[in-house]
Amino acid sequence: IMALVYWTQDLNTGFADVDEQHQILVDHFNKLDDAFKSADYEATKKELQDLIDYTIFHFGEEEKMLEAAHYRMTEPHKKVHANFIKKMGELQGRFENGDITALQEVLDMCDGWLFRHIRLNDHGYIADVKAAGVR
């Protein structure tokens with residue numbers, strides 16, 4: 001099965017733990033896509049939960065780093081994260097209530113959002129975090 005998304009070098013932040021977490025997110029995303037394509041409802045449900053759980057974990061780790069660095073955009077960044085999690089939860093609810101189209105919305109949203117977020121929002125904190133010496 002083809003991966004839906006691939007890691008590319010321009011996504012690297014230069015922080016090993018952040019980059020590893022982003023790569024794990026991509027992996028979770030591809031596993032969800034594979035499960036969905038195989039039309040295995042239980043596997044899809046599990047992979048969606050795994051993706052959401054890992055996303056929450058990653059956002060928490062990233063936010064701790066930004067707070068430690070006193071990054072000036074920490075609050076807006078946290079809001080973006082919270083909105084994404086809320087939307088994922090809503091789509092998960094729809095999917096589990098039998099709306100299969102919600103899963104395609106999850107895949108579309110992650111595909112566009114994840115990479116935009118890393119390239120724009122996450123790349124915005126690199127210099128500040130480095131300057132703060134917390135990484």
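Predicted model: local features only at pLDDT ≥ 70, side-chain atom pairs only at ≥ 80, totals over all residues.
Is Ala-39 buried or exposed? I will come back to that residue in a moment, after a word on the model itself. Residues are numbered from 1 along each chain as its sequence is written, and side-chain values use heavy atoms, with hydrogens and water left out.

Now to the opening question: Ala-39 is exposed, with a relative accessible area of 69%, where exposed means over 50%, buried under 20% and partly exposed in between, with a 1.4 Å probe and protein chains only. Its phi is near 60°, a positive value in a residue other than glycine, and Ala-39 sits in the loop between α1 (16–37) and α2 (41–68). A second residue of this kind is His-70, which has a positive phi of about 50° although it is not a glycine; His-70 lies in the loop between α2 and α3 and is exposed, at a relative accessible area of 71%.

Let me turn to the overall fold. The protein chain has 5 helices and 0 strands, taken as DSSP runs numbered from the N terminus, with helices being H or I of at least four residues and strands E of at least two. For 135 residues, a compact globule would have a radius of gyration near 14 Å, and the 15 Å of the protein chain agrees with that; the radius is taken over C-alpha atoms, and the globule rule is 2.2 Å times the number of residues to the power 0.38. The C-alpha trace spans about 45 × 25 × 20 Å along its principal axes, and 40% of the 135 residues count as buried. If we take contacts (heavy atoms within 4.5 Å) between residues at least 6 apart in sequence, 71% of them join residues at least 24 apart.

Leaving aside residues up to four places away in sequence, Cys-110 touches Phe-29, Leu-51, Phe-84, Met-88 and Phe-115.

Finally, the aromatic rings. A search of the whole structure finds 7 aromatic pairs, where rings of Phe, Tyr and Trp (its six-membered ring) pair if their centres lie within 6.5 Å, and planes under 30 degrees apart count as stacked, over 60 as edge-to-face and the rest as tilted. One of them, Phe-84 with Trp-113, is stacked, at 3.9 Å centre to centre and 15° between the planes. This pair links distant parts of the chain, since Phe-84 belongs to helix α3 (residues 74–96) and Trp-113 to helix α4 (residues 101–122), 29 residues apart, and both residues are buried. Elsewhere, Phe-15, Tyr-71 and Tyr-125 form one aromatic cluster.
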